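This report covers selected strands, a helix and several charged pairs in one protein model. The sequence and structure come first, and the description follows.

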Amino acid sequence: MAPQITASRPGSALLSPADIDRFARLGYLVLPGLLPEDLVSRVRPEVDRWVDDGLRARSVASCTDPDVHGLPPLLEIEMAAHGELVGHRPLLDVLAQLMGPEFVFHHLHSDRQEPGRPGKAWHHDYEQHSPGPRTHTMVHTLHYLDGLDEETASLAVLPGSHLEIRAKTARAALGTAPIPGEVVLADLPPGSTVVLHSALFHTRRPAPDGPGKTRYMVDASYCQTGIAWPPVKPFWRHMLRRGRELNLGHGSWPELFAERHFSEYVTPSREPGRG
């Protein structure tokens with residue numbers, strides 16, 4: 001198994017040139033304890049509210065059937081700590097080192113994954129209109145509020161696979177099975193973040209048999225500016241407008257919620273070339 005990439009200064013926003021080079025080659029970076037304990041303690045109850053009050057289910061319904069459900073009653077970024085997480089300065093400083101000073105927020109997913117939930121098959125999450133060379137970077141930042149250990153589902157990644165031009169589901173037939181060259185991330189302290197190049201193949205692998213523990217995860221995605229990115233939520237304009245109104249970029253990142261970096265939303269089942 002290949003060694004995992006950990007930032008040379010864990011918990012710091014400052015990456016070394018070697019960190020940046022390894023991210024470009026292997027497609028992921030581990031930032032142990034990037035999120036301060038105070039922020040984690042405020043995000044966690046918001047995740048509980050998001051799940052227990054049916055807000056997550058309602059948001060999903062607004063994505064899958066927008067004509068019926070319209071806008072969701074609440075966005076993740078409208079919850080105070082989630083909004084703070086999206087614009088967390090140390091995180092954005094890291095992204096600026098990896099993508100350059102101008103990047104845009106793409107979407108946020110927040111979930112509480114109970115023990116016994118099935119894994120998620122090998123896939124990647126890079127959004128593009130048609131297959132072809134990937135000239136611009138998209139990243140997913142996976143925030144594990146309680147970290148990862150032997151009692152929670154692990155994250156497995158396939159280093160270097162972001163350099164392939166393959167459909168999102170090209171390895172889905174493998175399920176969550178181990179594959180040669182993978183790296184398993186199963187030992188991270190609370191508040192840790194894993195930055196993935198969005199084209200990197202990865203899987204959520206269920207914990208070994210046993211009672212297990214709940215897995216709190218918030219997934220925020222950002223894109224390098226310079227091309228028109230496909231949005232994944234039909235209410236994307238509303239989401240970006242709320243980000244601007246709430247000043248989640250704190251005036252330091254003027255492109256963070258700019259609509260001009262996106263194409264129009266297209267229903268996924270009708271969009272050619274989507275993996």
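Helices (H or I, at least four residues) and strands (E, at least two) are DSSP runs, numbered from the N terminus. The model is predicted, and local features need pLDDT of at least 70, side-chain atom pairs count only at pLDDT 80 or more, while totals for chains, interfaces and linings use all residues. Residues are numbered from 1 along each chain as its sequence is written, and side-chain values use heavy atoms, with hydrogens and water left out.

Trp253 is found in the segment after helix 7 (236-245). With a relative accessible area of 12%, Trp253 is buried; buried means under 20% relative accessible area, exposed over 50%, and partly exposed in between (1.4 Å probe, protein chains only). Not counting residues up to four places away in sequence, Trp253 touches Arg89, Leu92, Asp93, Ala96, Pro101 and Phe103, where contact means heavy atoms within 4.5 Å. Trp253 and Ala207 are 46 residues apart in sequence, and their C-alpha atoms are 38 Å apart in space.

Arg242 lies in helix 7 itself. Arg242 and Glu78 are 164 residues apart in sequence, with 7.5 Å from C-alpha to C-alpha. Leaving aside neighbours within four places in sequence, Arg242 is in contact with Leu75, Ile77 and Glu78.

**Helix 6**

Helix 6 (residues 89-99) has Leu91, Leu92, Val94, Leu95, Leu98 and Met99 as its buried residues. Seen down the axis of helix 6, these fall within an arc of 155°, so they line one face of the helix; the arc is that of the directions from the helix axis to the C-beta atoms. Gly100 follows helix 6 and has a positive phi, near 100°.

**Strands**

Six of the six residues of strand 7 (residues 192-197) are buried, so the strand is largely enclosed by the rest of the structure. Ser192, Val194 and Leu196 are buried on one side, and Thr193, Val195 and His197 on the other. Strand 1 (residues 28-31) runs antiparallel to strand 7 and is joined to it by four bridges, with Thr193 as the bridge partner of Leu31. Strand 4 (residues 138-144) is also antiparallel to strand 7, with six bridges, and Val139 has His197 as its bridge partner. Two strands pair if DSSP finds at least two bridges between them.

Four strands form an open sheet in the order 3-8-5-6, with antiparallel pairing. Its edge strands are strand 3 (120-123) and strand 6 (183-185), each pairing on one side only. Strand 5 (residues 154-157) and strand 8 (residues 202-205) pair over four bridges, and Ala156 has Thr203 in strand 8 as its bridge partner.

**Salt bridges**

The structure holds 24 salt bridges, a salt bridge being a side-chain nitrogen of Lys or Arg within 4 Å of a carboxyl oxygen of Asp or Glu. Three of them are tabulated here.

| Pair | N to O distance |
|---|---|
| Asp111 and Arg56 | 3.4 Å |
| Arg117 and Asp111 | 2.6 Å |
| Asp149 and Lys213 | 2.5 Å |

Asp149 lies in the loop between strand 4 and strand 5, and Lys213 in the loop between strand 8 and strand 9 (215-224), so the pair ties together parts that are 64 residues apart in sequence. Asp149 counts as buried at 19% relative accessibility, whereas Lys213 is partly exposed at 35%.

Asp111 is buried at 7% relative accessibility. Arg56 is partly exposed, with a relative accessible area of 32%, and Arg117 is partly exposed, with 32%. A network of salt bridges links Asp48, Asp52, Arg112 and Glu114.
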